[in-house]
Amino acid sequence: MTGRVKVWLRGALEAFLAMLIYTVALGACMALLLLIISIEEGGPSLSMATVALTETITLLTQGCGFTAGALTLTIIPLLLTGLLIWVIRTLVGRMGVSVGGCIAGLVVWVLCNLILMQGSQTMQVDTTPVILLRTSLVFLLGYGWAWVRSEPFRQAFSKRIKEALPVQVRRTIRLGLTAGLILLAAMLAAGLIALIVWIALYHTDVGRLFKLTRMGTASAVTTSLASLAWLPNLIIWAASWLFGNGFNIGSLATFTLWSGHASSLPSLPLFGLFPEPVSRQEVRLLLLNLPLLAGVVAGILLLTGPWGVRIHAAVRQAGLKSRDTAVCFLMATLAMVLAWLITLLGLALLFQLSNGALGRQRLAGVGVPIASSLRMIGTSLGVGLLGVWLLALVTAALIIIKDVLIDYLRQAGDKKTSAKAENKEKHNQSRGQEGKEPKATDRADTPRQVSSTRRPGK
């Protein structure tokens, strides 16, 4: 009984410490930000709003939007969300994982968020049950992350997987998951590169918007640093701008490779980073076809790469028509399908998490149009993977046809050679029989002329 109580207390302490560490760090940053703005602008002190703003941002971090006057903000700062989940995972990983601790920690986490809701001076967009469900999901994600990384879970999971699935199935799943995650990471890396290019090209527009809002240098710097909380959102939007159907700022503006303008948007400095359309058609086609090229590269690596099925080695060892080669090709096919699904599901989840609202009417929908972007990216990526698959299939068919033709021609040549040899042998036999026929003087019915040396009369 004492051991069980200790487990519960440890789980409750994990949740409380995670919330305390995150809110204290966030509150210190908010206090510094508000202090700098107050000093530079010379108005009334804003530091008194630190606690309320910290509570509101903590709930927003867990997906709970709020309404303050004309502002309705539901765009999750994904960087802060990731940091909060990482704090939970770190504490749980150090203090221990248990079912009882998870339940006790979840109860404490829910109570802490209820306290934050009561202290917040803004109106929440969602109802109380929805808020509790969202906050509980954040805690369970952190706790589950720590549980998955624990050594007992990894050993038990590995043992059960080895007992339940054959080696080929396990390898196929591993290849598909790895390829899908690599493709997803590559698209996000391309989005980060695009965002860096936007910053290099349009930082002067951001500075102009800061001047229009009459914000000083220190306030502009601290506000820009605070905007880093939405950095993952911008990376996801940039990836959709590169490969998909762009992103929308409500009904005011749509940014794609072929269209985009920010003239009708509010004077938020962050909006100055949003790009202009690409003027050159060749560059647009290249960017839109990057998922196709990524699919081609991924398909080739799955078929012939060092971490793939290495189908060429199977062909070299067992032949093209062997069972091992067929199994390798089937594994590569299933891995391609799984990689395609993982990439699209990951993008759909990221698009959904990065979207939100900045208002109730014209700014009600901000973010990526999920369906159209997924359709464009999925089609391009699928064509690349399918092209490699068809190329491998056609190559195998051509090799088989070549081997069949070679065998047919060889057999035909052998038959022709054997026929010639048989005709030659028959001809030689006929000539030998003609040479062995008896001459006319050697026939038995011809009387032999016997010569006599005796003289007559003797």
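**Notebook: burial, contacts and overall form**

I looked up Gln62 and found the residue buried, with a relative accessible area of 3%. I take buried as under 20% relative accessible area, exposed as over 50% and partly exposed as in between, with a 1.4 Å probe and protein chains only. The model is predicted: local features need pLDDT of at least 70 and side-chain atom pairs count only at pLDDT 80 or more, while totals for chains, interfaces and linings use all residues. Residues are numbered from 1 along each chain as its sequence is written, and side-chain values use heavy atoms, with hydrogens and water left out.

**Entry 1: Gln62 and helix H2**

I placed Gln62 in the loop between helix H2 (50-61) and strand E1 (66-68). Helices (H or I, at least four residues) and strands (E, at least two) are DSSP runs, numbered from the N terminus. For contact I required heavy atoms within 4.5 Å. Not counting residues up to four places away in sequence, Gln62 touches Met19, Leu84, Trp109, Asn113, Arg134, Thr135 and Val138.

I then examined H2. Ten of its twelve residues are buried, so H2 is largely enclosed by the rest of the structure. Among the buried residues I noted Thr50, Glu55, Ile57, Leu59 and Leu60. The buried residues of H2 pack against helix H1 (2-41), E1, strand E2 (71-73), helix H3 (78-95), helix H4 (99-119) and strand E3 (123-124). After H2 comes Gly63, whose phi is positive, near 90°.

**Entry 2: Phe139**

I found Phe139 in helix H5 (residues 128-149). Phe139 is buried, and its relative accessible area is 0%. Apart from residues up to four places away in sequence, Phe139 touches Ala15, Ile88, Cys102, Gly105, Leu106 and Trp109. For Phe139 and Trp109, which are 30 residues apart in sequence, I recorded a C-alpha to C-alpha distance of 7.3 Å.

**Entry 3: Helix H6**

I turned to helix H6 (residues 151-164), whose 14 residues reach 20 Å from first C-alpha to last, close to the 20 Å expected. The number of buried residues in H6 is zero, so this helix lies largely in the open.

**Entry 4: Pro269**

I located Pro269 in the loop between strand E5 (253-255) and helix H10 (281-288). Pro269 is buried, with a relative accessible area of 14%. Its contacts, leaving aside neighbours within four places in sequence, are Val206, Leu209 and Phe210. Val388 is 119 residues from Pro269 along the chain, and I noted 45 Å between their C-alpha atoms.

**Entry 5: The whole chain**

I recorded 14 helices and six strands for the protein chain. The radius of gyration is 40 Å, well over the 23 Å that the globule rule gives for 458 residues, so the chain is more spread out than a compact globule. That radius is taken over C-alpha atoms, and the rule is 2.2 Å times the number of residues to the power 0.38. Along the principal axes, the C-alpha atoms fill a box of roughly 180 × 70 × 30 Å.

Buried residues make up 37% of the 458 residues. Of the contacts with a separation of 6 or more, 74% join residues 24 or more positions apart.

Terms used. Expected span 1.5 Å × (residues − 1).
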